[in-house]
Each structure stands twice: as C-alpha cells, then as structure tokens.
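Please read it alongside the sequence and the structure shown here.

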Protein chains: 2
Amino acid sequence: VVKSEVEPLAWRDGALHLLDQRRLPHEVVWLACASAGDVAAAIRDMVVRGAPAIGVAAAYGLALAARGGELSTLSEAAATLRAARPTAVNLAWAVDRMMAVAAPLAGAPARTVADALEREAVAIHQEDLEANRRIGAWGAALLTGGSTVLTHCNAGALATSGFGTALGVIRAAVAAGKSIRVLADETRPYLQGARLTAWELQQDGIDVTLITDNMSGYFFSRGEIDAVVVGADRIAANGDTANKIGTYTVAVLAQRHGVPFYVAAPWSTVDFATPDGGAIPIEERSREEVVEATGIDGEGVMRTISIAPAGIAARHPAFDVTPAELITAIITDRGVAEPPFESSLRRLGG
Amino acid sequence: VVKSEVEPLAWRDGALHLLDQRRLPHEVVWLACASAGDVAAAIRDMVVRGAPAIGVAAAYGLALAARGGELSTLSEAAATLRAARPTAVNLAWAVDRMMAVAAPLAGAPARTVADALEREAVAIHQEDLEANRRIGAWGAALLTGGSTVLTHCNAGALATSGFGTALGVIRAAVAAGKSIRVLADETRPYLQGARLTAWELQQDGIDVTLITDNMSGYFFSRGEIDAVVVGADRIAANGDTANKIGTYTVAVLAQRHGVPFYVAAPWSTVDFATPDGGAIPIEERSREEVVEATGIDGEGVMRTISIAPAGIAARHPAFDVTPAELITAIITDRGVAEPPFESSLRRLGG
C-alpha cells in the first residue's frame, strides 16, 4: 500500500496527538489534546488544518468530550468545535456524524457513550485514509507521465489522515511509475505551500519546486504547467468550490491557458445543502497573519517577523470560491465528477 | 506642486546618495555611492530599484565615472551599469543618453567631460520627476472618485525620482480631490508592496490596505476593485509590457472582471527596438530570495528568516509579460495610448 511518511494526528493513550503544523518544517513538535476545548483551540490556531484533518480532529474532540458523561457537555463541545472554523464543511460533517451516534445513546452509561464515540472517531479517521487512497487511484489516471503539476496550499498528508487529496493524486501517480514534477505555490500568508507541501513532498522524495503565489501566471504563459490539482474546503451542489485563498486565481489562469484544473476531495466535502458558492461562508482571519511571516533565522531559531510598516491596514480572507465553470473535474473517493456537476455529483451521491 | 514626502536618491556633495530600499520600512538608511561600481552594485542588490529610478541612478553612476577622465573607463562603467539588471529598458536608455553626450567630447579635458555628464544626469533626474507629474495629470483623469485601485509592486516615489508612475497617478487623483482607496499587493518575494508601497502611501496619508498577492482574485470576484494601475520595466512596440512578477496574473483577473488595467510609465520605458514581449529578457534572480523573507522581530531588529525546508528547489523569475490585449491604456508623460498600441505609441513617439 502506498503511504506517506507523514501523518498529522494520532489517537494514542486516550489523547489526540497533533503534529504542530505552525512549526513545520522548522521543528517537529507534537501537542497532546486531552479535551474538546484543546482540540477546538488547536483547530482555530491552525496547529492542525486542512478540511479533512480538522474533521477527523473534531471527531476525536467529541470522543474526548464524551468522557465527561453528560449530553449537555457533548452538545457544548459540538458547538465549540463546529465554530472553530467556518469554511470547511468536513468539520460540521464530522460533528454531525458523531452527534448522530450520541443521540440514540441519551441516558446510556457514560462509558457506553464514550466507547461508541471513540469507535466512531476511529472509523472516521480510518475511512478518511481509505478515501484518500481511492481519490489517489481515480486521480492518478488523469495525470500524464512527464507532466508538471501545479498545486496550491497543502492538500496533502498533513491536511488529511495521512495520504492527501491533491497530493494523494500526485503520490498515486508517482507510485504508478509516472514521472511527475510538482510546482508548489508558497501560499501566503500562512505559507502552507512553502512549509508543508514542500516539506512533505521532499520527505517522500517527490520532485518539488517552490514558487511564490504570483509566479504561476509566468509558468502558465510559458506552457510549463500541464495540470493543476488542489483540495477543497467545501464543494457546493453546483460544483462551486471553496478552497484556500488564491485558488480562484489559479483556476482563472488555468482556463486561459487551456490547462485542466482538478479538485480532489473526500465525499464529505460535498455539501448538497449549499446550493452554490455564494452561500459558502468565507472566514476572515486576523490582519497580523498578513503583516507577518514566520520562519527560522540563521541560528535555527523560529521567529515571527513583521514585514510591513507598523499600523498598516490589511485584509485577510482565508478562502475564495472557484466557480464550477473553471473546474475540469472533481475527484472524489466515489469517482470523478465532470461538468455539469449539479447532475454528476448527484449521481455519485446516489 | 503636488509632491511626495519620499525620494529615493539625491545628488549631493559630488556623490549619489541612495535610500537603502532593502531596509524599508523598518530602517531609514542612506548609502553614499562614490563610483560607478558602487552604483552598479546598489542596482544589482536592489538598494535602489524601480525602472525609472535605476535609470537615474545609472546616469549619476556615469557622472561619477567621468571623473576618472578616460573614455575607456567610462565605456567600462557603461557596460557594468547596463548589465546590472536586464529587464528594465530605462537603465539602458539612460546609459545610452549619457554616452551620447560623452562621445563628441572624446579628447576634451576630463573636467569638461565630467561637468557635461553631471549636467546630463541632473537633467535626466529632473526630467523624470517632471515626466512623473505629467503621467499623474494624464492618469488622474482616468480614475473616478470613490473608487478602489489595485496596484502591484512599487511604482511609486521610491521607484522614480520622487513622485511615482502608478502611484503618481493615484497621488494626482487624490490631489485633485478624488477619494481613492488603494489595495496594495504585498509582492513576494521582495515585498515591494508591503514594504515600499504601503510605507510611502502611509507617509503621504493616502488610504492603503495591504493584501497578499493571492487575494486580489477574491476582491475582483466581489466587485471590490474598480481599476488597476501598475508601472512597467519595458514596453514593447506592440504594447506588451514587462513588469514585476505577478502583474500578468492581475491583468488576466482584471480582464475577466471587466476592470480597466492601466500601465503608467515614463516615455523612456517604451522600447521600439523590442517588437513584442517575447523579445524582452526576463531576469531570473536567486532562489534565496524566494525561500526567505526579511522584516523586524518584536525587538525591532531586522532579520532574514528562512520560510521553507532546507535544500528545497525554487524558481525566481523576477518579471513577467502582460500581453497588450489585456491592457486598457498606457499612460505616459506624452499622453495616453489606447489599443491598438502599435499605432498609438508610434503617434505619441512622433
């Protein structure tokens, strides 16, 4: 079985252990979360990020809350976790699925509820890993050997249970013997491309070259990009897709240059309750993340520096919406949906 | 007369003083250049940058070289300065203009040559400032009060003799009583937007909001950008325009959203010897600039940090080409050229 060297979370000794992604690639540090509050804070602060991974983390958060033994505690934990980040639907999906297991157990012994929720969280975790592998298998068939694939942000092992969606497609293609070269957008302000995608592909020995977000247009215009594969935080019923800020721009460039633009995501990312992209809430994060950058100095000490004048105004929408018309195909664990997505997604959902 | 508080260079006491733009906005430090070699190094290392400003700096570099008194010294200095950066044609233009003054003086006393070249450099400097003001006057008429203008990189006072091309247009519109809000792309990797544009507009009290380069698509898609104004490093005879990496992407987005895309540049940026964008040399700078960022830490100490895993491959094209078809108008000191540029630029040149 193809796997990545990298896993962002582990359930061990009754605690959720999270690889602190704020400190990668400079330091490999694990944080233990012993409560749902710990997990919600870790999601909010981006210790763990990536739509599938925060769904799995939230599930474990509820398994931890269930130990409290009271359904009211569990409901509060569910609300806190759900509110940690608004855009990725996988978070709400995982919370809903966990609460659907808890509901019929109202009045049961605390231990019974806790055991059931732990089993469900482990199942969500395991299913996400399997979904990633199926996404990889479907998607690998779409990539041609010898091609250069652009990706944005990190939809990799670190964003999931350990294989990746967009990077899972690339991993599976490489495992199938195809020669793939990856161009990774650095993905400001949080630098998930420079810190996470570059690192995890380097760990796995996959050919990766880092560029700044404003360079992809240059490489498109020179015919040096053959395909784009990105992840998703929420896919509306019509195929409109929310993903990390900057994804929309990449899709516009891909269309102009006739380059296929693929979205890879587990089925839990598809939200039929959201008719189109206009209904997807876009998280606005703090201006500090825009006026700062984090890395290591010459002595290997991690530092956050300010890159702009003091007091400057800044905006920080953390996601944008790529309209369905710019998407060539959506690669899910249930198969590949092609336009028109309204019907192809319904069929896969069938 | 409208002016900016900011000037990037000054000729004083027989030396060229350069505001060290690598250290802005964190530290205001001036460097004195006493030789053409000093000036060439300052251009290469981006102490001074911006197509018009490096043209003016190179002119003073030759004025310094002329003191050596020998035409061969002058020719060597010209070659060194011309090679300092390849993309901006203003550099070659200023060197050519200085050498055209020197050529008929072959055999004249050293002092005569030196005086003539100093006068010519001062003239180039002064004319650039005047050209900026005329660009501002032409361009301000194109901006509507109450609009939000996106700009990329720094085509401001710091990139010129002290008023700016793209930012000169904005300054002139504001001076004419129009309410203009500026969105400034941070412009990785060198962060000219975050460090220089944000700073100089803040100094002048112009409303500016900083965004990362991958965010403009979001604001375009929400109808929150009314116009784009950028500078240029070289404008080919057909209107194709080389400018800071990322400009092409902004132009593609502007076209998709029906937003006017203006290029503002002094006439010396127009290069009839370059038929189209394919003939413009694109400088590829070092990977270090991509894997690093510079700013100040919490104690106000300037630091360069690494933001990516050690040993990662990176690419760094420093410019890209925006095809003429994406440009609404080119604003020069001789007037505004509209498509088709092949003929409109010729007419202005006539």
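## Backbone features and chain contacts

In chain A, Pro340(A) lies in the loop between strand E17 (335-337) and helix H11 (341-349). The model is a predicted one, and the peptide bond that leads from Pro339(A) into Pro340(A) is cis, with omega near -5°.

**Backbone geometry**

- In chain B, a cis peptide bond joins Pro339(B) and Pro340(B), with omega about -5°, and Pro340(B) is found in the loop between strand E17 (335-337) and helix H11 (341-349) of that chain.
- Asp13(A), although not a glycine, has a positive phi of about 55°, and its place is in the loop between strand E1 (9-12) and strand E2 (15-19) of chain A.
- As background to these entries, most residues other than glycine have a negative phi, and most peptide bonds are trans.

**Helix H1 against helix H3 in chain A**

- The axes of helix H1 (residues 36-44) of chain A and helix H3 (residues 71-84) of chain A come within 8 Å and cross at roughly 10°; because angles under 35 degrees count as roughly parallel, H1(A) is described as roughly parallel to H3(A).
- On the H1(A) side the contact is formed by Ala36(A), Val39(A), Ala40(A), Ile43(A) and Arg44(A), which meet Ala77(A), Thr80(A), Leu81(A) and Ala84(A) of H3(A).
- By residue class, this contact of H1(A) with H3(A) divides into seven nonpolar residues, one polar and one charged.

**Extent of the interface between chains A and B**

- In the contact between the two chains, 64 residues of chain A are in contact with 64 residues of chain B.
- The area buried between chain A and chain B is about 4,800 Å², and carbon and sulfur atoms give 63% of that area.
- Of the area that chain A buries against chain B, Asn214(A), Arg256(A) and Arg315(A) supply 14%, which is more than any other three residues.

**Polar interactions and composition of the interface**

- Eight salt bridges are counted between chain A and chain B; in a salt bridge between the chains, the side chains of Arg188(B) and Glu186(A) meet at 2.6 Å, N to O.
- The count of residue pairs in polar contact between chain A and chain B, with both residues at pLDDT 80 or more, is 22.
- Helix H9 (residues 247-256) of chain A contributes six residues, the largest share of the side of chain A that touches chain B.
- That side of chain A divides into 33 nonpolar, 19 polar and 12 charged residues.

Conventions: Residues numbered from 1 in each chain as written. Chains lettered and ligands numbered in written order. Predicted model: local features only at pLDDT ≥ 70, side-chain atom pairs only at ≥ 80, totals over all residues. Heavy atoms only, no water. Axes fitted to C-alpha atoms, helices over the stretch in contact; angles between N-to-C directions. Helix = DSSP H or I, 4+ residues; strand = E, 2+ residues; numbered from the N terminus. Parallel < 35°, antiparallel > 145°, perpendicular 65-115°, else oblique. Contact = heavy atoms within 4.5 Å. Nonpolar A, V, L, I, M, F, W, Y, C, P; charged D, E, K, R; others polar. Buried area = accessible area lost by both parts, 1.4 Å probe. Salt bridge = Lys/Arg side-chain N within 4 Å of Asp/Glu carboxyl O. Polar contact = N/O pair within 3.5 Å; in protein donor to acceptor, adjacent residues only side chain to side chain.
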